[in-house]
Amino acid sequence: MFLKKDFSQLTSSYGETFKKKPALYAVNHIDVDWTKNDLAKAEDYQDQQSMSPA
């Protein structure tokens with residue numbers, strides 16, 4: 001589930017805008033704590049958008 005979401009984030013025009021082939025390679029070959037990474041990205045987004053932590 002996390003890999004699909006992270007792939008979408010990497011390739012989205014609203015996200016990181018990587019091309020699909022390099023994004024797929026990265027998702028398949030990186031050793032990372034996806035949950036920790038997703039939380040950090042969400043916290044950054046929350047700070048940048050001045051959102052409350054509902």
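The legends below describe an overall view and several close-up views of one predicted protein chain.

In this predicted model, local features need pLDDT of at least 70, side-chain atom pairs count only at pLDDT 80 or more, and totals for chains, interfaces and linings use all residues. Residues are numbered from 1 along each chain as its sequence is written, and side-chain values use heavy atoms, with hydrogens and water left out.

View 1. Helices (H or I, at least four residues) and strands (E, at least two) are DSSP runs, numbered from the N terminus. The order of elements from the N terminus is α-α-α. The C-alpha trace spans about 35 × 25 × 15 Å along its principal axes. Of the 54 residues, 9% count as buried, where buried means under 20% relative accessible area, exposed over 50%, and partly exposed in between (1.4 Å probe, protein chains only). Contacts (heavy atoms within 4.5 Å) between residues 24 or more positions apart make up 33% of those with a separation of 6 or more.

View 2. Not counting residues up to four places away in sequence, Leu 10 touches Glu 16, Thr 17, Phe 18, Ala 23 and Val 27. Leu 10 and Ala 23 are 13 residues apart along the chain, and their C-alpha atoms are separated by 6.2 Å.

**View 3. The loop between helix 1 (2-11) and helix 2 (20-29), with Thr 17.** Ser 12 also lies in this loop. Ser 12 counts as partly exposed because its relative accessibility is 22%. A polar atom of the Ser 12 side chain lies 2.9 Å from the backbone nitrogen of Tyr 14. A polar contact is a pair of N or O atoms within 3.5 Å; within protein, one must be able to donate a hydrogen and the other to accept it, and residues adjacent in sequence count only if both atoms are side-chain atoms. Thr 17 has a positive phi, near 60 degrees, and is a residue other than glycine. Most residues other than glycine have a negative phi.

**View 4. Asp 33 at the N-terminal end of helix 3.** Asp 33 is placed in the loop between helix 2 and helix 3. With 46% relative accessibility, Asp 33 counts as partly exposed. Asp 33 caps the helix through a side-chain oxygen that lies 3.3 Å from the backbone nitrogen of Thr 35.

**View 5. Helix 3 (residues 34-48) and the residue Ser 50 that follows the helix.** The expected span of a helix is 1.5 Å times one less than its number of residues. Helix 3 has 15 residues and should therefore span 21 Å, which agrees with its end C-alpha atoms, 21 Å apart. Ser 50 has a positive phi, near 55 degrees.
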